[in-house]
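This briefing is intended for reading alongside the sequence and the model.

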Amino acid sequence: MATKHRYERPMIKRLESNMPNKFGMRTEFEPVTHIEGVAVSQLAEDYGSPLFVISERKIRKLYQAAKQSFESRYPRVQFAWSYKTNYLTAVCNVFHQEGSWAEVVSGFEYDKAINNGIDGTKIIFNGPDKSEDDLRKAVTNNSLIHIDHLDELYMLQEIARETKQRPKVAIRVNMDTGIYPMWDRFGFNYENGQAWDALNKIMFGGQMDLVGLHTHIGTFMLSPNAYAIAASKLANLAQRVQQKYGHEVKYIDMGGGFSSRNTLKGAYLPGVDTNPTIDDFAEAITSALMNSEYRPKTPPLLILETGRALIDEAGYMISSVIANKRLSDGRRSTILDAGVNLLFTSFWYDHKITPAQEFTSYTEDTVLYGPLCMNIDVVRENISMPLLNKGDKVVIHHVGAYNMTQWMQFITLRPKVVMIDPEGKPHIIRNNESMDTIENLEQIPDHLAHFEL
Amino acid sequence: MKIKNNIAVSDNGFVFNPGSGESYTANQVGLDMLNMLRKGEKSAAIISFIAEKYEADPAVIEKDLNDFSETLKQYHLSQHEEL
């Protein structure tokens, strides 16, 4: 019997010769059949679909490239892994093996860093919500506490007084860097004098060691110049402290917020072509610091809390086609088994999505929906996709940041996360949830234990 | 379903409607279905032909043929059905 041809669903498409694509954008239908040498189909068979896949090799490569960008421009650089971006232990430990400290924003994340084996002195404690217990622990461990508001400052002074310990602190400074929206809800404002006021309170109080200055100006920043302005303003504050008190701050922490290669919704061109590179941010920050008037005996340590730009590209989501439908206006829609419950970032980005098997060159404009019975569950509003069949696999790219921390246990359970090591061997780093995961946390009052219908 | 008589279809899937001046492109499975519809073949014969030529389940082919026929109607490539 003759071999049958591969079936592709029938397609006819009107040729729109009057609407050329002025940007000459390539449609993303080149298949990605393997991730780090492992077949996507094999990963889905072995670990299920949907599935998060993280490339350890890629994380290390991104980290080393970023480190080199800064260290080739400035003598003293330290990265601190932003736990909220992805706090799976295996991921954190790759960064810690590379030399990253930990940057945490809650008591939970602080404890996680301690559980991961991080020395307290190498934990940066940010965030507006630090309980008294959290602060006492951080003070005892000599962690670097970044004060967010005056209530926290006074609480720390009280702890210092009571325990006779000297907390190592910095203040978080918010400021106008020429970008919109300006983040002013965290820390103390530079322009209206709040930051200077907080610094004076610390220095006059004499109970805490002012070791650094911190800022975090925004998220997914597309303007390196905003960082240059921020670095100048922090250096200016450091200089004023030096002038007034003869005290040198030991570090300047520029926070995070560097954009990754993702494409923000509404952008005309793909992020991979237009977003600034780590080199652009490094050049802006280090130049501003070195050009400032702040001249301590030892150059301040430059701390970076980069999260997204170091992990986004290392994360992939494998998803399967559940069904194809046609909408009332004739548009094609495809339902995937991964939706906004797992891909929180699809609210922000037009994720690059590629099929995981070979296709012909025919494509259809498609709406990609997730599996939830909720209207908001849209993975891509409009994407040119090959003619996918039920059961086909797709790879969703650049999903390493925030998805594995902001994902929701909503309507369905969360899947496995697999990390592929540099030798190409996959390891489960987080198991899938089961009914027990959810029900073990619940308790039923006796009077609600039974019912009859 | 019948396809309009004046629709021109090339061997490589280029479709032209001289009535509207619109051009279309079809993939191989679409081309096979379109050519059989032009010959006036019934759904059952088309499904059986496609199932013989391609690796696909007849139920899937039937679903896709219905969807394809709807698209042809939307593009005004089919004749008005007699009521």
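The 22 residues of H8(A) should span 32 Å at 1.5 Å a residue, and the end C-alpha atoms lie 32 Å apart, so the two values agree; the expected span is 1.5 Å times one less than the number of residues. The model is a predicted one, in which local features need pLDDT of at least 70 and side-chain atom pairs count only at pLDDT 80 or more, while totals for chains, interfaces and linings use all residues. Residues are numbered from 1 along each chain as its sequence is written, and chains are lettered from A and ligands numbered from 1 in the order in which they are written. Helices (H or I, at least four residues) and strands (E, at least two) are DSSP runs, numbered from the N terminus.

**Helix H8(A)**

- Buried residues of H8(A) include Tyr227(A), Ala231(A), Leu234(A) and Val241(A); a residue is buried if 20 or more other C-beta atoms lie within 10 Å of its own, exposed if 12 or fewer, and partly exposed in between, with C-beta atoms placed from the backbone.
- Among the elements against which the buried residues of H8(A) pack are strand E10 (168-174), helix H7 (194-205) and H10 of chain A.
- Tyr227(A) is in contact with Ile217(A), Met254(A), Phe281(A), Ala284(A) and Ile285(A), leaving aside neighbours within four places in sequence; contact requires C-beta atoms, placed from the backbone, within 7 Å.

**The largest nonpolar core**

- The largest nonpolar core has 139 residues, and Val53(A), Ile123(A), Tyr227(A), Ala231(A) and Ile285(A) have the most contacts inside it; such a core is a set of buried Ala, Val, Leu, Ile, Met, Phe, Trp, Tyr and Cys residues joined through C-beta atoms within 7 Å.
- Helix H8 (residues 224-245) of chain A gives the most to this core, with 10 residues.
- At least three residues of this core come from each of domain 1 (34-53 + 315-434) and domain 2 (56-312) of chain A, with bounds from an automatic or database domain assignment.

- In E10(A), seven of seven residues are buried.
- Lys168(A), Ala170(A), Arg172(A) and Asn174(A) point one way from E10(A), and Val169(A), Ile171(A) and Val173(A) point the other way.
- E10(A) pairs with strand E9 (residues 144-147) of chain A in the parallel sense over four bridges; strands pair if DSSP finds at least two bridges between them.
- Ala282(A) belongs to helix H10 (residues 278-291) of chain A and is buried because 25 other C-beta atoms lie within 10 Å.
- Ala282(A) and Tyr74(A) are 208 residues apart in sequence, yet 8.9 Å apart in space, C-alpha to C-alpha.

**Between chains A and B**

- The contact takes 17 residues from chain A and 22 residues from chain B.
- E2(A) gives the most to the side of chain A that touches chain B, with three residues.
- That side of chain A divides into seven nonpolar, three polar and seven charged residues; Ala, Val, Leu, Ile, Met, Phe, Trp, Tyr, Cys and Pro count as nonpolar, Asp, Glu, Lys and Arg as charged, and the others, Gly among them, as polar.
- An open sheet of four strands has the order E2(A)-E3(B)-E2(B)-E1(B), with antiparallel pairing.
- E1(A) pairs in the parallel sense with strand E4 (residues 54-55) of chain B over two bridges, and Arg6(A) has Glu55(B) as its bridge partner in E4(B).

Technical notes. Two residues are in contact if their C-beta atoms, placed from the backbone, lie within 7 Å.
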